[in-house]
Amino acid sequence: MFSGAALGAGALIVAVLFAVALFLVVQALPTFSANPAEITGGEGFFSYIFPIVIGTLIAATIALLIATPIGVAVALFISHYAPRRLARGLGYVVDLLAAIPSVVYGAWGASFLASSLKAPYAWLAEHLGWIPIFAGPASGTGKTILTAGIVLAVMVLPIIASLTREIFLQAPMLHQEAALALGATRWEMIRMAVLPFARGGIISAVMLGLGRALGETMAVALVLSSGPLIASLIRSGNQTIAAEIALDFPEAFGLRMHELIAAGLVLFLITLAVNMVARWVINRHKEFSGAN
Amino acid sequence: MATLITERKRSALTRGRLPRYTPWVIAASAVVVSAALLSLIGFNVFGWAVLSAVLFAAANVTAAAIVEGRRKATDKLASSLIYGAFLVALLPLVSVIWTVLLNGVPGLLTPGFLSTSMNGVTGAVDNAAVADGTPVLGGVYHALVGSVLITLWATIISVPVGLLTAIYLVEYSAGNKFSKVITFLVDVMTGIPSIVAGLFAAAFFALILGPGTKTGFVAAVALSVLMIPVVVRSSEEMLKIVPNELREAAYALGVRKWRTIVKVVIPTAISGIASGVTLAIARVIGETAPLLVTAGFATSINMNVFAGWMSSLPTFIYTQIMTPTSPSNSDPSTQRAWAAALLLILLVMLLNLGARLVARLFAPKTGR
């Protein structure tokens with residue numbers, strides 16, 4: 001009886017994940033069979049989804065470009081630089097960053113960050129405007145894809161930091177002590193004994209962060225004033241899948257609803273692929289590292 | 001004679017090293033120099049701190065490069081970058097908390113904020129409040145009720161499923177293929193975007209109850225999809241560390257397996273399980289996106305999760321910012337949104353603290 005219940009619960013989880021995929025597919029189907037002219041944009045589903053997929057990727061890329069180096073450095077700081085007594089408390093502070101709800105980050109990004117980034121954006125447009133991604137005129141509100149990317153970076157950072165910290169702490173102590181005993185400086189020790197060991201872990205932590213950045217909704221929905229796909233990061237424009245769904249779904253009905261669910265299905269598949277690769281890397285790493 | 005003494009002091013081991021006080025000297029001069037530089041173009045505290053830090057790092061590395069050689073300089077550079085990255089990472093945390101406190105405290109202290117709903121609070125009411133300078137009316141009572149009820153139902157769904165799955169994985173599966181599949185899928189489930197979980201619940205109930213079904217229960221199902229993997233993971237870890245001797249002792253006394261699990265294994269692990277569940281609650285109570293597409297927006301109190309739209313703290317914040325109650329005077333709405341944000345952060349922090357307390361409270365008594 002009891003073992004049956006336990007087995008049933010396990011099976012339920014498998015069923016739920018398949019149900020998520022199944023119901024999204026069923027509810028998305030009308031979009032694919034609909035007349036292309038009736039889809040938003042009037043040119044079929046592909047040309048509707050393409051710009052927001054690219055927008056999603058742009059925002060996630062910005063987030064990772066900022067969060068990866070800082071996150072890894074923060075993890076190194078906590079594992080190898082901070083005084084031992086401080087390290088646990090600092091780890092808790094980083095976890096605190098992760099505990100703040102995304103809507104609060106969104107509100108902060110929209111009200112504080114966007115307005116304080118107006119001046120830098122204007123400067124960028126004036127002096128670096130010849131680079132396509134900084135083409136002016138800069139947004140007057142600061143609510144651009146770059147701001148959204150920065151807010152996403154703040155939200156992804158604790159994930160990358162806490163995962164890589166775990167890996168750094170597992171790095172074999174003997175190797176590190178041997179490196180120090182041979183006269184290596186702290187940085188040389190980290191480069192020779194810690195980073196090579198942690199490479200797989202860092203990659204998978206970044207992938208998991210990417211999964212989060214791709215699917216994060218509120219930061220983008222509140223921060224970005226959306227529009228069509230453009231190359232410039234400092235003008236209002238671009239849109240991500242998750243934000244598009246959050247903004248439009250509450251009022252959507254009929255074909256529009258199916259369209260948004262289809263967009264959700266695309267997002268689901270992208271994040272599923274990213275997460276599966278990340279987990280695969282982690283599991284492979286576990287088998288070969290000898291850390292367990 | 002004098003030269004002999006100094007040479008003995010600076011032996012081969014310490015030659016080519018900067019004296020210990022160097023960083024302090026460099027730091028002091030960096031602070032002074034950057035203050036002087038900034039006073040030329042306009043002084044501000046933030047720029048001063050940043051410039052001092054950059055100058056300090058640069059001077060430190062250069063001094064090391066000149067006196068101590070390239071390897072030491074590289075080491076110093078790496079250290080400066082890592083310390084700098086940590087400080088940069090703290091900036092948003094401090095900034096977020098400061099912004100929320102600054103904007104949220106006045107609203108939270110407004111009488112009636114916690115005990116009234118937005119029922120009857122219209123744009124005209126807000127306009128009047130701004131015009132007359134009277135306190136802002138309306139509050140979060142309905143959202144608070146909604147948040148608590150939805151999270152409660154999500155917990156009621158997720159905890160049994162999650163806990164039983166963890167028990168299956170640890171106690172019954174013996175590492176078979178199916179358990180590997182479950183573990184993998186649970187890992188994958190942790191990565192499901194929250195909005196997709198919301199869409200799933202919306203699509204599911206649209207199929208069985210007709211399109212446009214938005215109730216608190218739909219939202220609870222959406223949150224469960226996010227919560228179950230967290231519960232499974234944390235309970236699994238906790239069950240794994242229950243020593244095998246306890247199980248074997250129970251079996252030796254002729255206790256059945258299910259009774260061993262219920263009477264021995266779970267009570268031993270209960271502190272970890274409870275704190276894991278509390279952390280999972282803290283995670284989902286702040287979720288916004290799934291509630292937007294499943295629970296709708298309500299302005300009045302709804303105690304029934306099975307019928308009618310429901311508000312919650314995160315969606316309350318979102319709607320107050322995106323569509324202010326009075327389009328011409330958004331200040332009262334902004335104030336309510338920030339106050340709700342502060343309340344939400346306080347709730348999440350309390351839950352996090354509670355998790356630690358629970359872990360300590362339920363910890364199994366150890367003999368003596």
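1. Ground rules. Residues are numbered from 1 along each chain as its sequence is written, while chains are lettered from A and ligands numbered from 1 in the order in which they are written. Since the model is predicted, local features need pLDDT of at least 70 and side-chain atom pairs count only at pLDDT 80 or more, but totals for chains, interfaces and linings use all residues.

2. Chain A overall. The C-alpha atoms fill a box of roughly 70 × 70 × 30 Å along the principal axes. Of the 292 residues in chain A, 51% are buried, as in 20 or more other C-beta atoms within 10 Å of a residue's own, with C-beta atoms placed from the backbone.

3. Contacts inside chain A. Take the contacts with a separation of 6 or more: 79% of them join residues 24 or more positions apart. Contact here is C-beta atoms, placed from the backbone, within 7 Å.

4. Where A meets B. The interface pairs 62 residues of chain A with 65 residues of chain B. On chain A's side, helix H1 (residues 2–33) gives the largest share, 16 residues. That side has 48 nonpolar, 11 polar and three charged residues. (Nonpolar covers Ala, Val, Leu, Ile, Met, Phe, Trp, Tyr, Cys and Pro; charged covers Asp, Glu, Lys and Arg; the others, Gly among them, are polar.)

5. Chain B's two domains. An automatic or database assignment sets the bounds: domain 1 is 17–105 and domain 2 is 141–361. Their C-alpha centres lie 42 Å apart, and five residues of domain 1 contact five of domain 2. The domain 1 side of that meeting has three nonpolar, two polar and no charged residues.

6. Helix H4 of chain B. Do check residues 70–109: H4 has 40 residues and reaches 58 Å from first C-alpha to last, close to the 58 Å expected at 1.5 Å a residue (1.5 Å times one less than the number of residues). H4(B) bends by about 35° at B:Asn103, with B:Pro106 following within four residues. The bend is the angle between axes fitted to the seven residues ending there and the seven starting there.

7. Record versus model. UniProt's unreviewed entry puts "transmembrane region" at several stretches of chain B, including 48–69 and 144–170; such annotations may be inferred rather than shown by experiment. In the model, residues 48–69 of chain B are 91% helix and 0% strand, with end C-alpha atoms 30 Å apart. For residues 144–170 of chain B, it's 100% helix, 0% strand and 37 Å.

Key: Two residues are in contact if their C-beta atoms, placed from the backbone, lie within 7 Å. Helices (H or I, at least four residues) and strands (E, at least two) are DSSP runs, numbered from the N terminus. A residue is buried if 20 or more other C-beta atoms lie within 10 Å of its own, exposed if 12 or fewer, and partly exposed in between; C-beta atoms are placed from the backbone.
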